[in-house]
Amino acid sequence: QVQLVESGGGLAQAGGSLRLSCVASGNVVSINRMGWYRQAPGKQRELVATITRGGALNYADSVKGRFTISRDTAMKTVYLQMNSLKPEDTAVYYCNSGSAWYPSPLDAWGQGTLVTVSS
């Protein structure tokens, strides 16, 4: 049982920056992977970035070079630094964690935090 709480969403202008945080509680030792997904209105949820306990990184092509994911060594907190924001980045961003190296129905999900980028 893992609980995730996101924070840091809000309104930004195109070209601006935001930093998202996700704090995990509960059975934190079971977490081997944490990451961020997003869902825009009328769109399916998509992967943004993931990081493993060992530090392996995975980014969507659409955010590579602009967003940076990081975590503390205990896997209790994961961050998403978003720079050079674009209007198409507007979405609800969800924190995700799991014990496997790939998505699973057993993964934990946060409630989501809204990011809005003005044009």
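The lining of the largest pocket is made up of five nonpolar, seven polar and one charged residue, where Ala, Val, Leu, Ile, Met, Phe, Trp, Tyr, Cys and Pro count as nonpolar, Asp, Glu, Lys and Arg as charged, and the others, Gly among them, as polar. The model is a predicted one, in which local features need pLDDT of at least 70 and side-chain atom pairs count only at pLDDT 80 or more, while totals for chains, interfaces and linings use all residues. Residues are numbered from 1 along each chain as its sequence is written, and side-chain values use heavy atoms, with hydrogens and water left out.

Of the 13 residues that line the largest pocket, Val2, Ser30, Ser99, Leu106 and Asp107 lie nearest its centre. A pocket here is an open set of points on a 1 Å grid over the protein atoms alone, where a 1.4 Å probe fits, with protein on both sides within 12 Å along at least five of seven lines, and lining residues have an atom within 4 Å of a point. The space in the largest pocket comes to about 220 Å³, a volume being the space filled by probe spheres set on the points, which are joined across faces, edges and corners.

The second largest pocket has a volume of about 170 Å³, and among its 13 lining residues Arg38, Ala40, Lys43, Glu46 and Glu88 are the closest to its centre. Its lining holds two nonpolar, four polar and seven charged residues.

The largest nonpolar core has 30 residues, of which Met34, Trp36, Leu80, Met82 and Tyr93 touch the most other members. Such a core is a set of buried Ala, Val, Leu, Ile, Met, Phe, Trp, Tyr and Cys residues joined through side-chain atoms within 4.5 Å. Strand β3 gives the most to this core, with four residues.

Definitions and conventions. Buried < 20%, exposed > 50% of the residue type's maximum accessible area, 1.4 Å probe, protein only. Helix = DSSP H or I, 4+ residues; strand = E, 2+ residues; numbered from the N terminus.
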